[in-house]
Amino acid sequence: MKKQTIVLACACALLQAQAITTASPDGNVVADFNVVDGVPTYTVDYKGKHIILPSRMGLDLDNAPDLLDGFELANTSSSSFDETWQPVWGENSDIRNNYNEMVATLRQPANDRTVLIRFRVYNDGVGFRYEFPQQRNLNYFVVADERSEFAMPGDITAWWIIGDYDTQEYEYTESRLSEIRGINEGRAVESNLSQQQFSPTGVQTSLQLKTDDGIYINLHEAALVDYSCMHLNLDDKNFVFTSWLTPDAQGKKGYLQSPCKSPWRTIMVSDDARDILASNLILNLNDPCKYDDTSWIKPVKYVGVWWEMIGHDKPWAYTWDLPSVKLDSLDYSKVKPNGVHPANTANVKKYIDFAALHGFDQVLVEGWNIGWEDWSGNKKDYVFDFQTPYPDFDIDELNKYAHSKGVRLMMHHETSSSVRNYERHMKDAYDLMDRYGYNSVKSGYVGDILPRGEHHYGQWMNNHYLYAVTEAAKHHIMVNAHEAVRPTGLCRTYPNLIGNESARGTEYESFAGNSTSHTCVLPFTRLQGGPMDYTPGIFENDLSKFNPNKKTHVNTTICRQLALYVTMYSPLQMAADVPDVYNRFLDAFQFIKDVAVDWDRSIYLEAEPAQYITAARKAKGTDNWFVGGISANGHKSEIKFDFLDKDRKYEATIYADAPDAHYLTNPQAYTITKKKIDAKTRLKLTTAPGGGFAISIKPIN
Ligand code: NOJ
Ligand code: CA
């Protein structure tokens, strides 16, 4: 490991009139900081072009004078840092963290207070954060809002989802900044979204943008700890975004005590879209791993009792007979089973057999525990105890059976957003997992948060999500939380956070259908902060085969589903369809069996937001490569294999859309061919609309 920290310069109040310039190690990204008429102000340039125009920084406080103006620049210091670190799991086995840093000490004489603003300037962008040293006049304080501005260089293109404090499960819209208001207002009228929106020009991060001269800008945050999640509110006359934090039940946006710091605000920039996907800015801005021993954290490929409910409309619940029951007064042994509850011992054994036969690590079982009759939409405090199995789920027998076959069950904790109830039971729930040998849990936060009035992305909830992860670590349990706050790179610090949903996943193929561009946007946006449990692998598009009343269609070709295992990086990947469907397509299923979930090296070969993405990855500790390509509307690719070892020959197995494939009319049409390739090979491939291709590559000499 290379480590170098040099203090370069230190200057004091005299600098006030002059901007402090910090350039990236390659000189392409330049952040200027200044205090202009008492207001902290910054700009960012990329290759000599203005990316962030003069933008103000500061916070509005609720119980004290604000931290917006009246500042003097008391001191600045600069340093450089260059280190290569190894993540526990990831897209690359080595990650270089190389930046130039500038820390500005700001004094507010009228209130005798001090705030620091720290900038880190990387080749792929900029991070800045506020730091509040311990001091008499800024001790306990309440944030009314953070006012960090991001002034855009004009009416540029954005891929955005509406500002919502509780869900990100939306399709992205591509539009000019000036169109956001009209589109949002139209939707609010159409679908009564106004309740969730904080502003007609509010959007969530990570926000992907592109200038007309081809510069890609991405706004997000890193290391969201003990603070509310940041949204962005657009002044659409001047094209200035301002941070907009998630409020608590009383409308307050954060309770802080110095010494403390804000999360990093991140601005990625490049003239090549592939760099945005390859960026490690967010991970680099997070703290190193806090656990001494990480040997128990392992990537997971899994199947599960899940799509039967989500896609085929079977129930999580054991009985139909209990519309609204009090869990503590219910005796399940006396109720009549509905007879179609998929989380039953015999059915789960089929999944275990399937997982063992095909080399999967784990089997998720949802609907195993009592409470599902009453779980959603009722804002009930006490729904689940996370410990009591339904009468038809033999937890002891099933765990023994799974372990005897080298497979583990994956735990499921749907909290139905009753967070107090979850914390009340958390220790017992994790103890139960220890007893039976579970080492991973998928948790979920469907519905309105209890305590009532709190939001999914507020400070209180963010503290809860992290508490669930750090408590799980004490039991050597890995966590995959659905509906939780969007990731901000905390998986570097707490790598047992192996997945999150926090976006519109495959489940919407069943609820409404996903657009064919959706997974061509997600790696630019949602995946910036950490991996997504997208749950790909659906091979049967026609869901009316399982429920004749069903109108939705899975909008992808089979090859697109294969490619997602490569384009949607995650150390946690599900093969989400049911065994009976996979048994009809075992030749294509082979790719899902073979594909790795942890990597030595990742290369993005081509990318354009909402249009296409092609990635190549080398499986960790092997010489095998996997390539995946997806496109929204059909795309022609020419793959150059120059990333392969020059001295070796390889066999490639190519899974491609058949010439007449189409996500709607002919989604199951594919070809599988084998070809000898080397580093000089060029391969032309055409993806169908909503299609994709997947290639597995093994050395033969
Ligand atoms: C929503 C999750 O995204 C989904 O995966 C899960 O099956 C349901 N909640 C039930 O917990
Ligand atoms: Ca969800």
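**View 1. The largest pocket is lined by 42 residues, with Tyr445, Val446, Gly447, His456 and Glu483 lying nearest its centre.** This is a predicted model, where local features need pLDDT of at least 70 and side-chain atom pairs count only at pLDDT 80 or more, while totals for chains, interfaces and linings use all residues. Residues are numbered from 1 along each chain as its sequence is written, chains are lettered from A and ligands numbered from 1 in the order in which they are written, and side-chain values use heavy atoms, with hydrogens and water left out. A pocket is an open set of points on a 1 Å grid over the protein atoms alone, with protein on both sides within 12 Å along at least five of seven lines; its lining residues have an atom within 4 Å of a point. The largest pocket here holds about 850 Å³ of space, counted as the space filled by probe spheres set on points joined across faces, edges and corners. β25 (408-414), β26 (440-444) and α9 (507-511) each hand at least two residues to the lining of the largest pocket. These names follow DSSP runs from the N terminus: helices (H or I) of at least four residues and strands (E) of at least two. Sort the lining of the largest pocket by class and you get 15 nonpolar, 14 polar and 13 charged residues. Ala, Val, Leu, Ile, Met, Phe, Trp, Tyr, Cys and Pro count as nonpolar, Asp, Glu, Lys and Arg as charged, and the others, Gly among them, as polar.

**View 2. Ligand 1 takes up the space of the largest pocket.** Sitting there means that more than half of a molecule's atoms lie within 2 Å of the grid points. Ligand 1 has 14 residues around it, and Glu366, Glu414, Lys442, His482 and Glu501 are the closest; to be counted, a residue needs a heavy atom within 4 Å.

**View 3. Side chains of Glu414, His482 and Glu507 meet oxygen atoms of ligand 1.** The polar contacts in this view are pairs of N or O atoms within 3.5 Å. For Glu414, a side-chain N or O atom is 2.6 Å from an oxygen atom of ligand 1. His482 puts a polar side-chain atom 2.9 Å from a ligand 1 oxygen, and in Glu507 a side-chain N or O atom also comes to 2.9 Å from an oxygen atom of ligand 1. On its own, ligand 1 would expose 290 Å², and the protein buries 95% of that; the areas come from the Shrake-Rupley method with a 1.4 Å probe.

**View 4. The second largest pocket has about 720 Å³ of space.** Of the 45 residues that line the second largest pocket, Trp85, Ile95, Leu283, Asn284 and Arg492 lie nearest its centre. Two or more lining residues come from each of β7 (72-85), β8 (95-108), β9 (113-122), β10 (125-132), α2 (273-278) and α3 (281-285). The largest share belongs to α3, with four residues. By class, the lining of the second largest pocket has 23 nonpolar, 12 polar and 10 charged residues.

**View 5. About 250 Å³ of space sits in the largest cavity.** A cavity is a set of grid points where a 1.4 Å probe fits but cannot get out, and this structure has three of 30 Å³ or more. The largest cavity is lined by 26 residues, and closest to its centre are Tyr465, Val485, Leu490, Leu497 and Asn500. α8 (459-474), β27 (478-482) and β28 (497-500) are the elements that give two or more residues to this lining, and α8 has the largest share of it, six residues. The lining of the largest cavity counts 17 nonpolar, seven polar and two charged residues.

**View 6. The second largest cavity contains about 60 Å³ of space.** Among the residues lining the second largest cavity are Glu509, Asn514, His518, Tyr534, Arg560 and Leu564. α10 (518-521) and α11 (558-567) each supply at least two of the lining residues, and α11 gives the most, three. This time the classes come out as two nonpolar, eight polar and two charged.

**View 7. Cis peptide bonds join Ser258 to Pro259 and Leu450 to Pro451.** For Ser258 and Pro259, omega is about 5°, and Pro259 is in the loop between β20 (255-257) and β21 (260-261). For Leu450 and Pro451, omega is about 10°; look for Pro451 in the loop between β26 and α8.

**View 8. Lys47 has a positive phi although it is not a glycine.** Its phi is about 45°, and Lys47 has its place in the loop between β4 (39-46) and β5 (49-56).

Definitions and conventions:
A polar contact is a pair of N or O atoms within 3.5 Å; within protein, one must be able to donate a hydrogen and the other to accept it, and residues adjacent in sequence count only if both atoms are side-chain atoms.
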